[in-house]
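Me: I'd like a close look at one part of this protein, with its surroundings. Could you walk me through it in one go?

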Amino acid sequence: MSNLVNHLAIIPDHRRGQGMKYDLGSILLFSIMAVLSGATSYRKIERYIHTHRKRLNELCNINWKRAPAHNSIRYALQGLDAKDVEKSFREHSLELHEDSSVYGSISMDGKVLRGSFDHFEDRKAAQVVSALASQTNLVLGAYLDYR
């Protein structure tokens with residue numbers, strides 16, 4: 001986790017000095033965690049941080065007294081340069097890849113099938129999720145969901 005935090009911390013922050021009460025790297029990490037936990041809005045990200053603030057403080061060795069407001073989260077995230085974020089994730093991914101040669105790894109891939117959403121029948125999109133053993137190119141499992 002600390003490697004990811006280090007990579008997120010080097011993403012340039014576009015906010016002015018007085019708008020940096022909460023560091024960008026932590027906002028990014030906590031937002032990622034919130035989205036992975038089901039958050040679908042800035043308010044839900046704020047709620048996630050509020051609910052888990054004490055554990056998140058311990059995880060990142062910070063001392064936030066409260067969660068940032070959803071407006072602060074939105075401003076911090078919307079002003080990011082996509083190229084800087086992509087570069088950070090690629091560097092982190094490269095480190096993970098180098099470390100995985102010792103342990104092996106499993107890669108997950110998901111796709112939404114083009115044209116699978118039927119507006120007339122109000123059917124959700126069909127999704128395919130695959131798990132691959134990255135060292136051997138072996139497909140461990142595939143799942144197709146037509147909900």
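Which residue follows helix 2, and what is its phi?

Reply: Happy to. Please keep in mind that this is a predicted model. Helix 2 is followed by Gly 38, and the phi of Gly 38 is positive, near 110°.

Now for the helix itself. Helix 2 covers residues 24–36, 13 residues in total. From its first C-alpha to its last it reaches 18 Å, close to the 18 Å expected at 1.5 Å a residue. Helix 2 is also mostly covered, with 10 of its 13 residues buried. Those buried residues are Leu 24, Gly 25, Ser 26, Ile 27, Leu 28, Leu 29, Phe 30, Ser 31, Met 33 and Ala 34.

What does helix 2 give to the largest nonpolar core? This core has 24 residues, and the members that touch the most other members are Ile 11, Ile 27, Leu 28, Leu 29, Phe 30, Ile 49 and Leu 80. Two or more residues come from each of helix 1 (2–9), helix 2, helix 3 (42–60) and helix 4 (70–78). The largest share, 7 residues, is that of helix 2. As background, nonpolar side chains tend to be buried together in soluble globular proteins.

Not counting residues up to four places away in sequence, Ile 11 touches Leu 24 and Leu 28, along with Leu 80, Asp 84, Val 85 and Ser 88.

Next, the loop that leads into the helix. Arg 15 lies in the loop between helix 1 and helix 2. Arg 15 counts as buried because its relative accessibility is 6%, and the cut-off is under 20%. Its side chain makes a polar contact with the side chain of Asp 13 at 2.7 Å. A polar atom of the Arg 15 side chain also lies 2.7 Å from the backbone oxygen of Tyr 22. Leaving aside neighbours within four places in sequence, Arg 15 is in contact with Leu 24 and Ile 27, and also with Met 20, Tyr 22, Asp 23, Tyr 75 and Ala 76.

Finally, a look at helix 3. Helix 3 spans only 21 Å between its end C-alpha atoms, whereas a straight helix of 19 residues would span 27 Å at 1.5 Å a residue. Helix 3 bends by about 75° at Arg 53. Arg 53 is one of the buried residues of helix 3, and Ile 49 is another. Just after helix 3, Asn 61 takes a positive phi of about 55°.

Conventions. Residues numbered from 1 in each chain as written. Predicted model: local features only at pLDDT ≥ 70, side-chain atom pairs only at ≥ 80, totals over all residues. Heavy atoms only, no water. Helix = DSSP H or I, 4+ residues; strand = E, 2+ residues; numbered from the N terminus. Expected span 1.5 Å × (residues − 1). Buried < 20%, exposed > 50% of the residue type's maximum accessible area, 1.4 Å probe, protein only. Core = buried A, V, L, I, M, F, W, Y, C linked by side-chain atoms within 4.5 Å. Contact = heavy atoms within 4.5 Å. Polar contact = N/O pair within 3.5 Å; in protein donor to acceptor, adjacent residues only side chain to side chain. Bend = angle between axes of the 7 residues up to and from the residue.
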